[in-house]
Amino acid sequence: DIIPQPLLDQYLSMTDPARAQTVDTEIAKHCAYSLPGVALTLGRQNWHCLKDTYETLASDVQWKVRRTLAFSIHELAVILGDQLTAADLVPIFNGFLKDLDEVRIGVLKHLYDFLKLLHADKRREYLYQLQEFVVTDNSRNWRFRYELAEQLILILELYNPNDVYDYLRHIALTLCSDKVSEVRWISFKLVVAILQKFYANSANTLGLNFINELVVRFRHCSKWVGRQAFAFICQVGMFSLCFYVYVKFG
């Protein structure tokens with residue numbers, strides 16, 4: 001009743017390997033690109049019509065096909081809702097997290113958009129995996145780490161202060177020591193955002209512990225770049241730092 005069945009059958013056949021040889025070598029990529037629009041047209045009640053096709057595309061040997069899906073999985077999650085997302089998209093999302101960097105960047109760029117759609121208990125499981133984004137296939141791919149820092153600034157709101165301190169703090173400190181200045185600079189903003197998270201939630205003890213760690217790690221660093229990092233953190237987050245100094249010393 002929504003679209004003609006022959007038209008849907010033609011679309012579903014785009015994953016047939018024979019079509020790639022006779023019609024277009026990138027026909028599977030075109031299919032992947034259009035899938036969120038088709039899913040929106042059919043509605044979540046008809047997701048069963050597309051589920052097998054989506055899983056086929058998600059396991060395609062061409063990384064460009066998987067990359068296309070990775071960039072749009074957050075949009076598909078909005079269309080399908082939380083139940084279908086948890087059942088059918090989360091396993092594919094987990095597979096993309098372990099894929100090539102060219103695919104992982106797709107989920108990384110919209111990591112916050114996807115995680116915020118999950119239930120709190122399911123979302124918390126990803127705290128253990130965020131550290132894996134620091135390691136890339138090519139260490140020169142500094143934009144990957146830059147994107148991670150930007151996403152973490154947004155992701156902070158999804159977790160409580162204790163989780164931020166136990167998991168995200170370590171990632172932030174690692175990124176603050178990155179070899180690329182652009183990554184370090186965005187990471188300083190991440191550190192300040194973490195401090196502001198503690199302040200907003202009255203987690204003063206966690207904030208002071210983090211301040212002390214920053215002092216030991218950067219203020220007293222034997223290398224000038226570490227001491228410079230501390231100066232930049234103070235510059236970016238003067239309000240948060242002043243607040244914790246006031247709490248500690250009165």
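Here are some questions and answers about the predicted model shown above.

Q: How many helices are there in the chain?
A: Welcome, and a note on the basis: in this predicted model local features need pLDDT of at least 70, side-chain atom pairs count only at pLDDT 80 or more, and totals for chains, interfaces and linings use all residues. Residues are numbered from 1 along each chain as its sequence is written, and side-chain values use heavy atoms, without hydrogens and water. Helices (DSSP runs of H or I, at least four residues) are numbered from the N terminus, while strands are E runs of at least two. The chain has zero strands, and its helices number 14.

Q: What percentage of the residues of the chain count as buried?
A: Buried means under 20% relative accessible area with a 1.4 Å probe, protein chains only. The chain has 250 residues, and the buried share is 46%.

Q: Where is the kink in α10 centred?
A: Helix α10 covers residues 161–176. Its end C-alpha atoms lie only 20 Å apart, whereas a straight helix of 16 residues would span 22 Å at 1.5 Å a residue, counting one less than its number of residues. The bend, an angle between axes fitted to the seven residues ending at a residue and the seven starting there, is about 45° in α10 and is centred on Leu168.

Q: Which helices are included in what covers the buried residues of α10?
A: The buried residues of α10 include Tyr165, Leu168 and Ile171. Contact means heavy atoms within 4.5 Å. The cover of these buried residues includes α8, α9, α11 and α12.

Terms used
Buried < 20%, exposed > 50% of the residue type's maximum accessible area, 1.4 Å probe, protein only.
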